[in-house]
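Reader: I am new to this structure and would like to know what stands behind the words used for it. Please set each value against its definition.

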Amino acid sequence: MRTRLPLVPFLIVSVGILAMSVAVLFIGIGGLLGRKAVHETTERLLEQTADRVAHLIDAELGVIEALPDLARRVADLGPLDGGESFHHENLLLDIVEESDAIDAVRFVARNGGYVAVNKVSGRGAGGYRIQRRMDDGGDTVTEALWLDHDRQLIARETSDDIPSNFGSDPLYARAMEERRTVWSDPRFGEASGTGVTVASPVFQTARPSASALVIDFDIASFSRMLRRVSKEVGAKAVVIDDRGRMLAYPGGGQFYRPRAILSEEATPDIDVEEALHDPVIDAVLTAIGHPLETVLEPLPLDVAFDYQGESYRAAVIGLAAVPWPWSVIIVASESLPIVTALPLQLLLATGVALICVGAAAWVGRRLVGPMRSIEKPGAAVAAAGPFRETVRLAESIEAERRALRLREERYVLAATGGNEGLFDLDMATKRTYYSPRAEMIVGLPEGGLGETLDAWLERIHPEDKAPTEVKFRDFLNPGGDIMNLQYRVRHATSGYRWVHARGTAVRDMSGRATRVVGSVSDITDQKAAEAKVLEHALVDTLTQLPNRTAFMDRLEIVLSDVKREVARGATIFYIDLDRFRQVNDTLGQGAGDDLLVATARRLRRIAGGHLVARIGSDHFAVLMPEVRETEDARRTGEWIRDSLAQPIRLAGLEVFPFACVGIAFCDPGYGRAEDILTDAALAMEDAKQRGRGLVVLYDHAMRNQGTATLALEGDLRRALERRQLRLHYQPVVSLSSGGVAGFEALTRWRLDDGTFVPPDMFIPLAEETGLIVPIGAWALKETCRQLAEWAAMEDGAAPFISVNVSKRQLDDPHLVDRLREALRESGAPAGSLKLEITESVFLDRPDHGASVLNALKDLGIKLSIDDFGTGYSSLNHLHRLPFDTLKIDRSFVMDVLAERGAVIVEAIVDLAHALGLDVVAEGAETAGDVEALRKAGCEYCQGFFYKRALPAEDAMDYLRQQSGPSGKVTRLRRPRGPAE
């Protein structure tokens, strides 16, 4: 009888013995490997933390490298004269917001002017304090303004603590003498805090510089940053200088001097007994073993030492990007916890042994079973069956993997081509995936954001963080739709960048989001273009004075102060240049521009720091709070008139300008600031009617002219019944072909005696009384009829006709139905009808306006935004409203020949093209205007240079003349955007 070898027990015992041997080996070498692993981990931790701290400090002080460029920007703003410091203050506020470490920015001008912006924590939630001193005409104005974080005025007061002896300041004197950026040593003290100061000369014109831009840095902000970093990584991070003084410490608030290293003579400005003492940092400096000056170099220094029986490792890295000899020290413990490590090693060894024994049993059963069954016939075939199914399963899995990789590659390529970053957030764990493009948007390498949501949230601008988090929470809650957010995030090297974040959510049964997936794109350039248009929308490009919009904003504030008895009152002087049109017609537009610039300069000097604005072609306004009495106002008005009447040379001739001045007082009886300016304008018109160069105070009797307005209203109500209203058509010309692309329909009122009522008299009245709704309905119906008639005459190739639609018409709930009916009855092509809508319609009810526009768009008609750049709302909604055309207001075209005016028009055209809109400019009156608009990239324009508004018959004749032998009409073509 043959004896069989018990293979399974034999294999189990053999493998078990082997496993126990491996366990013993683990216990033997575990200690050695543990200490080496801890050493390597600590070394990587120190290196990464030191680099991170150095990078953060370099970012906080990065503005130092940009200081010469900032000084040049200040120089471009011009000197502090005439009491104007608005643009200087805005620039200094932008600089203060660049970094948490910036405490104050000061501009000291050559003429003794001074503007400073300080961060403050008082007065409510804190904000900024602006101090300014301006000398103008021998008078010195010193005051302080308190602003909140939104730059809204909180309080204004006289400031007596503005220094006047900056010429004797050593740092200021060095910057002037060496004509370069200089910096101070760190200062320590309870009163002034821990900080440094940097100064750079400002070169204005070719004269020797005596102006400077000065920035104060608060080093205490570094301590707050180190506290956060030390808490995150579990290591201590500090910053020292070459004398061993502690510049930043995680504890914060106290000075530090390592007693074991430096003598009292080396640091006489620090009290040794009151200084913070850190024995571990002392041990680091002791372990270095050579003077600190050799440590503070841009090369890392690795130090290992023992303190009180515990092993430490430290990294010392010099900060190469700052102008001071500073270093970062990172200290971490690397003692191996033996008590904890030994049980862990035993547990690991036991686990390995059990796994090996189990594996031996499984292998034994799998191997021995088939070996015993080999003697049976057909056993090999039977054993092959399961393997065949396994092969098929493996092939299927591999095919699925290949398909998955293909889908992933397609997804990555699409995301890369769209230039958008991607994110995927698990709400349960808060783990977040960031694509490399998303990390690149904030200036970080791949993996720089890690996998936490907080890594992104902490980069959001402080002013945007609260509203963004509120909107994000609303999106996560039940009922949330699509996430659509715009906010600023901190870039690693270039300040803050604007981003547009969009996303959707996977939700549970209750409607709460469990997963959020979306994209983020950089829209900084788009925001910069919008900001540029908004900035220039408040400033007259020719005279550099505030425009009518800015003047009305300030007047609203003054009226509010008067009503609340914060201010006692103010006076408005409305000035009109009598001979401006004559100068323009005889000496040319250039001479007219010179006259306006000279007038603006004289008014600035006269106003002595008070608000001066250009509110019309040759109209100016001055707001003086100090003048409140009638006789004082009259004398001031005469002074303004006489000062403007001084001779000026224009085009080689000596010209004596005349001005009429209307005066109105700002008192609590007014309901709107617009009414005050209107009364001042009424007084000015009365002065012009009486004679040249008069000064007239507003009288309530002038309001009697309202009787005539009431009569005009009655006549206007009957004008539709009497068929006195008619449409005239002004051509819109293609700048590329010179052909007529279409017409703008303009309402005209012809009385029975053949005279016309000016549109600027009855259109505002129709808006005010609501008559604009029936008049607008008639205009739309008449336009559709005329469009159908022209289309029949031209075999369907009719030009487009644009019609103005007012805010009241958009509020009319029957507008869409009326327009649909007019198109149906007339048979006019909807694609040839265009509605022009002004920006102001979106101020009060933007969502309602958007829904009406979408309904109109569904009819097939075109939409144009009119008078672009004169309001505040369009840039917030333009990107999501269905406009086809952008129309540049004539106020911008009026100055297109000036350099700044051309820059504004080019910015508007670039913004429109980026959004896929074509551009029409209105108000072209000269060949120079047309050529400048063509160079700016504008496609179409209209104005008196081509033709005034014509009756329908004359407009058709003009169309045929301009169309040439082909008789074809030049049609508006919308430029294709990048998404099309």
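Reader: What makes β24 and β25 paired strands, and how many bridges join them?

Author: This is a predicted model, in which local features need pLDDT of at least 70, side-chain atom pairs count only at pLDDT 80 or more, and totals for chains, interfaces and linings use all residues. Residues are numbered from 1 along each chain as its sequence is written, and side-chain values use heavy atoms, with hydrogens and water left out. Two strands pair if DSSP finds at least two bridges between them; strands (E, at least two residues) and helices (H or I, at least four) are DSSP runs, numbered from the N terminus. Three bridges join β24 (residues 659-666) to β25, and the two run parallel. In one of these bridges, Val661 has Val695 of β25 as its partner.

Reader: Why is β25 said to stand at an edge of its sheet?

Author: The sheet is open and has five strands in the order β20-β21-β19-β24-β25, with mixed pairing. β25 (695-697) and β20 (611-614) each have a single partner strand, so one side of each is left without a neighbour in the sheet. From one strand to the next, the twist averages 20 degrees.

Reader: Which strands does helix α18 lie across?

Author: Helix α18 (residues 673-690) lies across β19 (570-577), β21 (619-624), β24 and β25, and runs at about 145 degrees to β24. Axes are lines fitted to C-alpha atoms, for helices over the stretch in contact, and angles run from 0 to 180 degrees between N-to-C directions.

Reader: How do you know that the length of α17 agrees with its number of residues?

Author: The expected span is 1.5 Å times one less than the number of residues. For the 15 residues of α17 (residues 630-644) that gives 21 Å, and the end C-alpha atoms are 21 Å apart, which agrees.

Reader: Why are the buried residues of α17 said to line one face?

Author: Buried means under 20% relative accessible area, exposed over 50%, and partly exposed in between (1.4 Å probe, protein chains only). In α17 the buried residues are Ala633, Thr636, Gly637, Ile640, Ser643 and Leu644. The arc is that of the directions from the helix axis to the C-beta atoms. Down the axis of α17 the buried residues fall within an arc of 130 degrees, so they line one face of the helix. Their cover includes β19, α16 (589-607), β21, β24 and β25.

Reader: What makes Ile772 buried?

Author: Its relative accessible area is 8%, so Ile772 counts as buried. Ile772 is found in helix α21 (residues 772-793). Contact means heavy atoms within 4.5 Å. Leaving aside neighbours within four places in sequence, Ile772 is in contact with Ala766, Glu767, Ser806, Arg808 and Gln809. Ile772 and Gln809 are 37 residues apart in sequence, and 7.3 Å apart in space from C-alpha to C-alpha.

Reader: Why is Lys430 called partly exposed?

Author: Lys430 has a relative accessible area of 38%, which means that it is partly exposed. Lys430 is found in the loop between β14 (421-426) and β15 (432-434). Its phi is near 65 degrees, a positive value in a residue other than glycine.

Reader: What makes strand β8 mostly covered?

Author: Seven of the eight residues of β8 (residues 211-218) are buried. Six bridges join β1 (residues 102-108) to β8, and eight join β7 (residues 195-202) to β8. Both β1 and β7 run antiparallel to β8.
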